[in-house]
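Subject: The model we talked about

Hi,

Here is the structure I promised to pass on. Have a look at it first, and my notes follow below.

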Amino acid sequence: MKIDSFKLLLERGKSGLTIKELSEKAGVSVSTIVHLEHGQPNGSLLTIGKIARAFEIDPLKLIRQEVKS
């Protein structure tokens with residue numbers, strides 16, 4: 001599973017949180033948030049869960065949907 005950087009940016013925009021505020025609320029480093037928002041590296045399930053809790057959303061809303069052909 002990979003975090004969707006666009007969805008992360010969208011949720012942060014909707015929440016009105018700065019990167020620093022999200023970092024503090026989620027309990028992850030500022031650099032982790034910055035890296036995830038730029039599409040690298042992919043966060044662990046634990047990190048995704050912490051960020052989702054900070055937004056008060058289902059973690060699946062932050063996961064990139066893989067399209068299989």
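The side chain of Ser-23 comes within 3.3 Å of the backbone nitrogen of Val-30, which falls under the polar contact cut-off (a pair of N or O atoms within 3.5 Å; within protein, one must be able to donate a hydrogen and the other to accept it, and residues adjacent in sequence count only if both atoms are side-chain atoms). Before you read on: this is a predicted model, where local features need pLDDT of at least 70 and side-chain atom pairs count only at pLDDT 80 or more, while totals for chains, interfaces and linings use all residues. Residues are numbered from 1 along each chain as its sequence is written, and side-chain values use heavy atoms, with hydrogens and water left out.

Back to Ser-23, which sits in helix α2. Helices here are DSSP runs (H or I, at least four residues), as strands are (E, at least two), numbered from the N terminus. Is Ser-23 buried or exposed? It is buried, at a relative accessible area of 8%. The cut-offs are under 20% for buried and over 50% for exposed, with partly exposed in between (1.4 Å probe, protein chains only); the areas come from the Shrake-Rupley method, and for residues only the protein chains shown count as cover. Leaving out residues up to four places away in sequence, Ser-23 touches Val-28, Ser-29, Val-30 and Ile-33, where a contact means heavy atoms within 4.5 Å.

Ile-33 brings us to α3, where it is buried along with Leu-36 and Glu-37. Viewed down the axis of α3, these buried residues fall within an arc of 95°, so they line one face of the helix (the arc is that of the directions from the helix axis to the C-beta atoms). They pack against α1, α2 and α4. Just after the helix, Gly-39 has a positive phi of about 80°.

Next, α4 (residues 45-55). Its buried residues are Thr-47, Ile-48, Gly-49, Ile-51, Ala-52, Ala-54 and Phe-55, and their cover includes α1 (5-15), α2 (19-26) and α3 (30-37). Glu-56 follows the helix, with a positive phi near 60°.

Which residues does Leu-8 contact, neighbours within four places in sequence aside? They are Ile-3, Leu-22, Ile-33, Leu-36, Glu-37, Ile-51, Phe-55 and Leu-62.

Finally, the chain as a whole. There are four helices and zero strands. Its radius of gyration is 11 Å, in agreement with the value near 11 Å for a compact globule of 69 residues (taken over C-alpha atoms; the globule rule is 2.2 Å times the number of residues to the power 0.38). Buried residues make up 36% of the 69. Of the contacts with a separation of 6 or more, 56% join residues 24 or more positions apart.

Cheers
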